[in-house]
Amino acid sequence: MGIFSKLFGHKNNEETKIGGMEDYMTLIRVYFQAAIAEKVGITNLAALPDLRQFKTSLHVPTVNNKLGVGEKARCKKMLKDLYGTEDMFFKEIDQSIRKNCSKIQDVQIYLIQFQNYTQNLMMLTGNLMKFKLRLPSFFKKALYTMTEKTINDIFNKNDFNDASAMKSVVEIRQYNKRLGFSQKWTTDFVYQVVMLAKKEKAPKNED
């Protein structure tokens with residue numbers, strides 16, 4: 001597992017958790033950047049910092065003289081091995097990128113939209129679920145069901161009492177109208193982040 005310390009620049013201390021939330025989010029960014037490089041034909045690694053670190057740290061060879069192909073495959077395998085990520089999850093990312101990134105000028109806008117989408121989504125989900133998130137991690141099925149219901153509300157409910165929540169809902173829906181992720185993809189993403197966040201707090205709060 002030393003490759004993770006090398007890849008993500010972690011210090012050798014007991015607080016570091018291999019395969020934690022920080023690693024997950026970094027691998028997600030790497031997959032997006034690799035898929036974008038493959039689709040748009042980016043050759044300058046300096047434009048994709050997470051992909052550059054991933055490629056150089058793990059010595060991932062360039063496949064068929066095209067940046068993104070080999071890196072995407074390696075990143076996908078790591079996400080599947082470490083987090084059990086399903087093929088559907090990657091297919092939706094690829095579809096979203098094909099839809100939104102036809103030229104290099106689209107890339108920065110797309111990545112900002114995705115970042116805003118996920119940040120707003122996690123903040124709103126945390127506010128809406130509140131005490132439900134305190135449920136111990138071993139209640140996985142119940143936590144997934146609660147996450148699924150919350151995401152369904154964000155996608156479909158129009159009678160939120162809190163005006164700020166409704167404002168966030170509108171913004172999330174606008175971002176996702178462009179990005180094109182399904183409720184299932186969004187539920188799986190949020191649930192994975194929630195579970196990893198809970199595991200990182202587990203030694204003090206749950207175990």
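Predicted model: local features only at pLDDT ≥ 70, side-chain atom pairs only at ≥ 80, totals over all residues.

Biologist: What makes α8 a helix, and how far does α8 reach from its first C-alpha to its last?

Modeller: Helices are DSSP runs of H or I with at least four residues, and strands are runs of E with at least two, numbered from the N terminus. Helix α8 covers residues 163-179, which is 17 residues, and reaches 24 Å. The expected span is 1.5 Å times one less than the number of residues, and for α8 that expected value is 24 Å, so the helix comes close to it. Just after α8, glycine 180 takes a positive phi of about 80 degrees.

Biologist: Why is aspartate 94 called buried?

Modeller: Buried means under 20% relative accessible area, exposed means over 50%, and partly exposed is in between (1.4 Å probe, protein chains only). Aspartate 94 has 16% relative accessibility, so it counts as buried. Aspartate 94 is found in helix α5. Leaving aside neighbours within four places in sequence, aspartate 94 is in contact with Tyr31, Ala35 and Lys72.

Biologist: Which residues have the most contacts inside the largest nonpolar core, and what makes it a core?

Modeller: A nonpolar core is a set of buried Ala, Val, Leu, Ile, Met, Phe, Trp, Tyr and Cys residues joined through side-chain atoms within 4.5 Å. The largest one has 50 residues, and Tyr24, Leu79 and Phe181 have the most contacts inside it. Helix α2 gives the most to this core, with 11 residues. As for phenylalanine 181, among the residues it touches beyond four places away in sequence are Phe32, Tyr110, Phe114 and Phe155.

Biologist: How do you know whether the tyrosine 24 and tyrosine 83 pair is stacked or edge-to-face?

Modeller: Rings of Phe, Tyr and Trp (its six-membered ring) pair if their centres lie within 6.5 Å; planes under 30 degrees apart count as stacked, over 60 as edge-to-face and the rest as tilted. By this rule the count comes to 14 aromatic pairs. The rings of tyrosine 24 and tyrosine 83 have centres 4.9 Å apart and planes at 70 degrees, so this pair is edge-to-face. Tyrosine 24 lies in helix α2 and tyrosine 83 in helix α4, so the pair ties together parts 59 residues apart in sequence.

Biologist: And why is the pair of tryptophan 185 and phenylalanine 189 called stacked?

Modeller: Their ring centres are 5.5 Å apart and their planes are at 5 degrees, so the pair is stacked. Tryptophan 185 counts as buried at 0% relative accessibility, and phenylalanine 189 counts as buried at 1%.

Biologist: What makes you say that the charged end of lysine 157 sits over a ring?

Modeller: The rule asks for NZ of Lys or CZ of Arg within 6 Å of the ring centre and within 35 degrees of the ring normal. The charged end of lysine 157 sits over the ring of phenylalanine 160, 5.0 Å from its centre.

How values were computed: Residues numbered from 1 in each chain as written. Heavy atoms only, no water. Contact = heavy atoms within 4.5 Å.
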